[in-house]
Amino acid sequence: MIKLPRVIGHRGAAAYAPENILGSFAKAAELGASWVEFDVHLARDDVPVVIHDRNLARTVGMNRNIDEVHSSELMHADAGSWFDPYWSDERIPTLAQTLDACLAFGLTPNIEIKDDAGARRATAVAVAAVVRERWPSDRPMPLITSFSLRCLYHARSAGGRFALGLLMNETPRRFWTWHARLLRCQSVHVDPSLVTPRLVGKAKRRGLQLAVYTINESDEAERLLDLGVDSVISDSPDLLDAPTEL
């Protein structure tokens, strides 16, 4: 069983460093995070790589889709300068590199499989394979999440030592509790607009932990936790840290 922390670092520590790079995960650990969330697509050679957008323009400056680029090309792509020149040496990491970094930094990964039409099964199977290969049995179990039910079912079928979590956005998925039960999900992750006492109660009755994304105001985080939410996903992993007294 997994146990979600009160705060999960969103894309590492996206308020402090370029999202989804190894430096962002190191920063999250420095800020006291125990978990980080990040996104995975498949590169052209079917290697799972850690990036949010399918298109590389925003964070890499290349107007190409990730599935058009071989993973070896990404070793030379600058994935940090868009945030600040200080990060110009950062690259798009593979999932394997990211899991190794999480182990080194003492972080538990929340791996979001992106919903790429036509690649759902391949992405889920590849992610499950890398987790089986890289993540040791004596460390807390990783969590795989997705908005795509197909991705989650493919991951479950692929097998491995990981938990599953169902993502939902502004519109509640029909029969979500039924799918969560069939998938043996341990968590559900929702947009804050979905958080109501009814949804919190449903999740609790079904033994599901409840996480909310993406919360960057401490007052809002505290309000959600008071409602019974287990975890908030934030660009600032130190969101709920008490101010230091002088």
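Two rings of Phe, Tyr or Trp count as an aromatic pair if their centres lie within 6.5 Å. In this predicted model, the structure holds 4 such pairs. One of them joins Y86 and W87: the ring centres are 5.1 Å apart and the planes stand at 85 degrees. Planes over 60 degrees apart count as edge-to-face, so the Y86 and W87 pair is edge-to-face. The two residues have contrasting surroundings. Y86 has a relative accessible area of 66% and is therefore exposed, whereas W87 has 14% and is therefore buried.

Another ring takes part in a contact with a charge. The charged end of R58 sits over the ring of W82, 5.8 Å from the ring centre.

The open space is described by the largest pocket, which has a volume of about 160 Å³. Its lining is made up of 15 residues, and H10, E37, E112, F147 and Y213 lie nearest the pocket centre. Strand 2 (35-42) and strand 4 (108-113) are the elements that give two or more residues to this lining. By class, the pocket lining has 4 nonpolar, 6 polar and 5 charged residues.

Notes
Residues are numbered from 1 along each chain as its sequence is written. This is a predicted model: local features need pLDDT of at least 70, side-chain atom pairs count only at pLDDT 80 or more; totals for chains, interfaces and linings use all residues. Side-chain values use heavy atoms; hydrogens and water are left out. Rings of Phe, Tyr and Trp (its six-membered ring) pair if their centres lie within 6.5 Å; planes under 30 degrees apart count as stacked, over 60 as edge-to-face and the rest as tilted. Buried means under 20% relative accessible area, exposed over 50%, partly exposed in between (1.4 Å probe, protein chains only). A charge sits over a ring if NZ of Lys or CZ of Arg is within 6 Å of the ring centre and within 35 degrees of the ring normal. On a 1 Å grid over the protein atoms alone, a cavity is a set of points where a 1.4 Å probe fits but cannot get out, and a pocket is an open set with protein on both sides within 12 Å along at least five of seven lines; lining residues have an atom within 4 Å of a point. Grid points are joined across faces, edges and corners, and a volume is the space filled by probe spheres set on the points. Helices (H or I, at least four residues) and strands (E, at least two) are DSSP runs, numbered from the N terminus. Ala, Val, Leu, Ile, Met, Phe, Trp, Tyr, Cys and Pro count as nonpolar, Asp, Glu, Lys and Arg as charged, and the others, Gly among them, as polar.
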